[in-house]
Amino acid sequence: MNKNKLVIIGAGDLGKVVLDTVLQANTYELKNIVFLDDVVERDTEFLGAKVVGGLDEANKFKSHGYKFIIAISNNKIRKKIADELTLPYINVIHPNATISANSSYGVGNIILANSTIDPDVKINNLVIINKNSSIGHDSVLEDYTQVSPGCALGGYTYLKESVFLGLGANTLPKVNIGECTTVGAGSTVTKDIESNVVAIGSPCKKVKSIGV
């Protein structure tokens, strides 16, 4: 009998996808999975798992041997929770993801179905790589970055902390994207992009700055 216990922080759309992924990976039994969410009402049920409280109860579940994953797509909120709570995080990896044995990753990461991670890729912590995405060899994804469905990163791409790549965005090899920058859906990044901006288009260009 699998006695592993898991708290999913965030009972939203990504939370449901994470729960489904965990069940497909067969690493946790449904009866041992709960949600914590500060907004969604207690006892609300998602795919058979219930919301049992808010984040103020996280340490209680930690003391009872639960592991954690933050299933919140907003990079800033994910970082805020991780900064405020010291929790034992797991990685959630879909069984259909293809990850090179010569890549590396930290903790708290979510890697969804049909993603491909090439050799010598370095993924830090609390990163989201959504379905049908490809991460080229020797790329680096710093903490709290997010790659939306259908993205393709050329080799040696460097995503600094809290970068967000929209649906179907692509990068040519050897480009660097600065921290907290958002790249719009369908964009192609052909050269380095500075920090704290929104950039869109093919080729991708800055359209506005983001307040720090």
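Predicted model: local features only at pLDDT ≥ 70, side-chain atom pairs only at ≥ 80, totals over all residues.
Trainee: What makes β2 and β5 edge strands?

Mentor: The open sheet has 3 strands in the order β2-β1-β5, with parallel pairing. Both β2 (33-36) and β5 (67-70) have a single partner strand, so one side of each lacks a neighbour in the sheet. On average, neighbouring strands here are turned by 25 degrees against each other, direction ignored.

Trainee: Which helix lies across this sheet's strands β1, β2 and β5?

Mentor: Helix α1, residues 13-25, lies across β1, β2 and β5. The angle between α1 and β2 is about 165 degrees.

Trainee: Why do strand β21 and strand β23 count as paired?

Mentor: Strand β21 (residues 182-183) and strand β23 (residues 197-200) have 2 bridges in the parallel sense. The cut-off is at least two bridges, therefore the pair qualifies. V183 stands opposite A199 in β23.

Trainee: In what sense do β23 and strand β24 pair, and over how many bridges?

Mentor: The pairing of β23 with β24 (residues 205-209) is antiparallel, over 4 bridges. I200 stands opposite K205 in β24.

Trainee: Which residue takes a positive phi in the hairpin of β23 and β24?

Mentor: G201 does, with a phi near 100 degrees, in a hairpin that has 4 residues between the strands.

Conventions:
Residues numbered from 1 in each chain as written. Heavy atoms only, no water. Axes fitted to C-alpha atoms, helices over the stretch in contact; angles between N-to-C directions. Contact = heavy atoms within 4.5 Å.
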